[in-house]
Amino acid sequence: MASLFGCVEVAEKFSPEASFVMACDDALTFAKSLPGDFFSLIITSPPYNIGKEYEQKSSLKDYLAQQKPLIAELVRCLKHNGSLCWQVGNYVECREVFPLDIYFYDLFKSEGLQLRNRIIWHFEHGLHCSLRFSGRYETLLWFTKSDDYIFNLDPVRVPAKYPGKQHFKGEKKGLPSGNPLGKNPSDVWKIVAEDWERGIWDIPNVKANHPEKTVHPCQFPVELVERCVLALTNEDDWVYDPYAGVGSTLIATAKHNRRAVGCDREQKYLDICRERLRMLSEGTLKTRPLGKPVFIPTGREKVSRRPASWGMEKTLL
Ligand SMILES: C[S@@+](CC[C@H](N)C(=O)[O-])C[C@H]1O[C@@H](n2cnc3c(N)ncnc32)[C@H](O)[C@@H]1O
């Protein structure tokens, strides 16, 4: 496969000899052209049908009906021991919230996939709602095609909160009870999303925008994909993103010596993906390091202090 220390070559059409493929096509048409039982991981964030620049909003029923044939194709392309990760938020109609993962679950289940985790991706920033509580998470459904699936926990362990904890009885009494490599990251992932669309993150000492920001209105963080790639695939395995956007999945895959296929029908996003891969191979692409703790304001930053004009803080109950 192409080394990241050389030039990353990105093919426009699928070939098992390529290492990276980025096709400009409709997701369903392209999926139909791919081989069966081939990908170790299929991971994506599909259009949410919320009227973004790259989608035509339709009824929830029509939207799901459009997704159904694609899902059947994706399951066909997935290896017997493979995983499929589907990252979604809410569809909103007349202020009513429809959590998309609830609807997608049935579509995947009817194709025979088994749910392993419903991961909560929690982030701190976003729109402030006035008629419901502000949404601060989206979900990632992790399905497998069989009981025999790849799960590498060690590369994605996170530091334990109390590494000094000891067994308090039995033969191991007094010995550390944790794992020296860290703990299981759990099914709640706190990964910085950033309010990329409005750029409100203006805390001093922190970049005004997430380092990965491009013109795409709905990128997902590379870090989110990296965790899935490391845990659910092995080196040299194939990963596929049917709605690849600016290629966050390809970046995460390339960082960890896997091969990747992406598809998006917008050429302008594909061009950015190629540029990001080129920068990655040259070592100039900025990505948030995997596992880097989320910034916690110290209270000394101007932006984290209560404006004097607001008067005294009210006492909390
Ligand atoms: C939520 S975005 C994915 C962004 C991606 N995860 C990233 O980090 O850049 C969904 C993408 O689906 C693409 N898209 C929408 N409908 C499509 C279709 N029918 N076929 C292929 N791509 C489509 C859009 O252009 C958009 O880039």
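Mentor: Start with helix α5. Seven of the eight residues of α5 are buried, so the helix is largely enclosed by the rest of the structure. Keep in mind that this is a predicted model.

Trainee: Which residues of α5 are buried?
Mentor: They are Ser248, Thr249, Leu250, Ile251, Ala252, Thr253 and Ala254.

Trainee: And what covers the buried residues of α5?
Mentor: The cover includes the strands β2, β3 (39-44), β10 (238-241) and β11, along with the helices α4 (222-232) and α6.

Trainee: Take Ala254 in α5. Why does it count as buried?
Mentor: Ala254 has 27 other C-beta atoms within 10 Å, and the cut-off for buried is 20 or more.

Trainee: How far is Ala254 from Leu107?
Mentor: Their C-alpha atoms are separated by 30 Å, and the two residues are 147 apart along the chain.

Trainee: What follows α5?
Mentor: Asn257 does, with a positive phi near 55°.

Trainee: Now α6. What should its length be, and what is it?
Mentor: Helix α6 has 16 residues, 267-282, which at 1.5 Å a residue should span 22 Å. Its end C-alpha atoms are 23 Å apart, which agrees.

Trainee: Which residues of α6 are buried?
Mentor: Tyr269, Leu270, Cys273, Arg276, Leu277 and Leu280 are buried. They cover an arc of only 120° around the axis, which puts them on the same side of α6.

Trainee: Why would residues spaced like that line up?
Mentor: An α-helix has 3.6 residues a turn, so residues three or four places apart point the same way.

Trainee: What is on the face turned away from the buried side of α6?
Mentor: That face carries the exposed residues Gln267 and Glu282. On the buried side, the cover includes β1 (10-11), β2 (20-24), α5 (248-255) and β11 (259-264). Just after α6, Gly283 takes a positive phi of about 80°.

Trainee: Switching to the sheet. What is the strand order?
Mentor: The order is β1-β2-β11-β10-β3-β4-β8-β7-β9, an open sheet of nine strands with mixed pairing. β1 and β9 (188-190) stand at the edges with a single partner strand each, so one side of each has no neighbour in the sheet.

Trainee: What does β8 pair with?
Mentor: Strand β7 (residues 114-122) is joined to β8 (residues 137-144) by eight bridges, and the two run antiparallel. Strand β4 (residues 78-88) is also antiparallel to β8, with six bridges.

Trainee: Which residues face each other there?
Mentor: Ile120 stands opposite Thr139 in β8, and Gln114 has Thr144 as its bridge partner. Trp86 stands opposite Leu141.

Trainee: Is β8 mostly covered or open?
Mentor: Mostly covered, as seven of its eight residues are buried.

Trainee: What about β5 and β6?
Mentor: Strand β5 (residues 90-93) and strand β6 (residues 96-99) pair in the antiparallel sense over four bridges. Val92 has Val97 as its bridge partner in β6. The hairpin has two residues between the strands, and Cys94 takes a positive phi near 50°.

Trainee: Last topic, the ligand. Which residues come nearest?
Mentor: Of the 19 residues around the ligand, Ala27, Tyr54, Tyr243, Gly245 and Ser248 come nearest. Ser248 is also one of the buried residues of α5.

Trainee: How does the shell divide by residue type?
Mentor: Nine of its residues are nonpolar, five are polar and five are charged.

Conventions: Residues are numbered from 1 along each chain as its sequence is written. This is a predicted model: local features need pLDDT of at least 70, side-chain atom pairs count only at pLDDT 80 or more; totals for chains, interfaces and linings use all residues. The expected span of a helix is 1.5 Å times one less than its number of residues. A residue is buried if 20 or more other C-beta atoms lie within 10 Å of its own, exposed if 12 or fewer, and partly exposed in between; C-beta atoms are placed from the backbone. The arc is that of the directions from the helix axis to the C-beta atoms. Two residues are in contact if their C-beta atoms, placed from the backbone, lie within 7 Å. A residue is near a molecule or strand if its C-beta atom, placed from the backbone, lies within 6 Å of it. Ala, Val, Leu, Ile, Met, Phe, Trp, Tyr, Cys and Pro count as nonpolar, Asp, Glu, Lys and Arg as charged, and the others, Gly among them, as polar. Two strands pair if DSSP finds at least two bridges between them.
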